[in-house]
Amino acid sequence: MSVTIYDVAREANVSMATVSRVVNGNPNVKPSTRKKVVETIDRLGYRPNAVARGLASKKTTTVGVVIPDISNSYYAELARGIEDIATMYNYNIILSNSDENLEREIRLIQTMSGKQVDGILFMGSTITARHKHEFKFINVPVVLAATIDEEGELPSVNIDYQAAAHDIVEHLVNKNHKKFGIVIGPLDEPINRKLKLTGYRESLAEFNIQLEDECVFEGDYSYESGVEAFNTLKDKCPTVFLVGSDEMALGVIHAASDSGYTVPNDFEVISFEDTKLAKMVRPRLSTVSQPLYDIGAVAMRLLTKFMKKELVDNHVVTLPHRMEFRESTK
């Protein structure tokens, strides 16, 4: 049978409350008593029951993380930042893949509620009214990472995607590019539709360049959609491809090579993530570098503040991006 807190208290000849204080790091225990309790815990092999502690304190020190696809390097780097900060603040995480499926996302939120998580970190394409209903129903803090709430009601951590789009365009126009091919992620996602694509259009308009609809290809972040994008756009418009993910950018580069072209001599390619893939492909990718680890880490730290009821000055956090120029541009 497993050793209980009662067994420790009896063997150490102290109260269960004293054992609980020692286990939870409460300083209000005499050093001699703490030493005796710790020695008893070690001798008996007692391990606190997290579920029982959660029932008593109404806290489980567990955070639910909903992520579209942990095998995607973009989300894997975000998850690493989340995990490191969770460990620092003594939280466990329950990580679940949603495949960006609405029904699955809702079920995962409900499941995490049943597991009595103390908070949820959510990553997904679109925040709907159904999401918000579930978030309110579970009544624990929720923070979005690399995901936006168009109404700005939910706490979130992102970069300024529209400003980043402007930085790309300004740099390339100053290099005398006038024909742009846009390979963007799904346009039902607000980050793509409302921020990135709008940022491209408005920035090009500043330089009296109109972005034709036929020069915009809607992909799904996959390598295959990057290949398809290049084959669709190569004869229509671009001297440069602005690509919404590193994996799609790899597809563009390889499709160009398969068609007898070279990057960057025939077409320049710039991506919008800066995952590890950007340094693995040849030529190495120029990108808008998003601080993926930091987005995850800051989102987790923000969540800990809400869970601990600490003062939060700004619930919508915007981290800086930078341009990283490598060999896929001249």
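This report walks through some local features of a predicted model, from ring pairs and helix packing to backbone details.

## Aromatic pairs

Let us begin with the rings. A pair of aromatic rings is described by the distance of the centres and the angle of the planes. Across the whole structure, a search turns up seven aromatic pairs. One of these joins Tyr 74 and Tyr 75: the ring centres are 5.1 Å apart and the planes meet at 85°, so this pair is edge-to-face. Tyr 74 and Tyr 75 are both buried.

Another edge-to-face pair is made by Phe 230 and Tyr 261, with 5.9 Å from centre to centre and 70° between the planes. Phe 230 sits in helix 10 (residues 223-233), while Tyr 261 belongs to the loop between helix 11 (246-258) and strand 9 (268-271), so the pair ties together parts that are 31 residues apart in sequence. How accessible are the two partners? Phe 230 has a relative accessible area of 0% and is buried, whereas Tyr 261 is partly exposed, at 29%.

## Helix 6 against helix 7

How do helix 6 and helix 7 pack? Helix 6 (residues 102-114) and helix 7 (residues 129-138) have axes 10 Å apart, at an angle of about 5°. An angle under 35 degrees counts as roughly parallel, and the two helices are therefore roughly parallel to each other.

On the helix 6 side, the contact is made by Leu 102, Glu 103, Glu 105, Ile 106, Ile 109, Gln 110 and Ser 113. Their partners in helix 7 are Arg 130, His 131, Glu 134, Phe 135 and Ile 138. Sorted by class, this contact has five nonpolar, three polar and four charged residues.

Helix 1 (residues 5-12) has Asp 7, Val 8, Ala 9 and Ala 12 as buried residues. What do the buried residues of helix 1 pack against? They meet helix 2 (16-23) and helix 3 (31-44). Just after helix 1 comes Asn 13, with a positive phi of about 60°.

## Backbone details in the loops

Most residues other than glycine have a negative phi, and most peptide bonds are trans. Against that background, a few places in this model are worth a look.

Asn 90 has a positive phi, near 60°. This asparagine is in the loop between helix 5 and strand 2 (92-97), and Asn 90 counts as exposed at 62% relative accessibility. Asn 208 likewise has a positive phi near 60°. Its loop runs between helix 9 (190-206) and strand 7 (216-218), and Asn 208 is exposed, with a relative accessible area of 75%.

Which peptide bonds are cis? One joins Val 263 and Pro 264, with omega about 15°. Pro 264 lies in the loop between helix 11 and strand 9, and Tyr 261 of the aromatic pair is in that loop too. Another cis bond runs from Arg 282 to Pro 283, where omega is near 0°. Pro 283 is found in the loop between helix 12 (277-280) and strand 10 (286-289).

## Two distances across the chain

Ala 76 is a residue of helix 5 (residues 73-88) and is partly exposed, with a relative accessible area of 29%. Ala 76 and Leu 292 are 216 residues apart in sequence, and their C-alpha atoms are 9.0 Å apart in space.

Asn 139 lies in the loop between helix 7 and strand 4 (142-145). Is Asn 139 buried or exposed? Its relative accessible area is 67%, over the 50% cut-off, so Asn 139 is exposed. From Asn 139 to Arg 80 there are 59 residues in sequence and 26 Å in space, C-alpha to C-alpha.

Definitions and conventions:
Residues numbered from 1 in each chain as written. Predicted model: local features only at pLDDT ≥ 70, side-chain atom pairs only at ≥ 80, totals over all residues. Heavy atoms only, no water. Phe/Tyr/Trp six-rings, centres within 6.5 Å; stacked < 30°, edge-to-face > 60°. Buried < 20%, exposed > 50% of the residue type's maximum accessible area, 1.4 Å probe, protein only. Helix = DSSP H or I, 4+ residues; strand = E, 2+ residues; numbered from the N terminus. Axes fitted to C-alpha atoms, helices over the stretch in contact; angles between N-to-C directions. Parallel < 35°, antiparallel > 145°, perpendicular 65-115°, else oblique. Contact = heavy atoms within 4.5 Å. Nonpolar A, V, L, I, M, F, W, Y, C, P; charged D, E, K, R; others polar.
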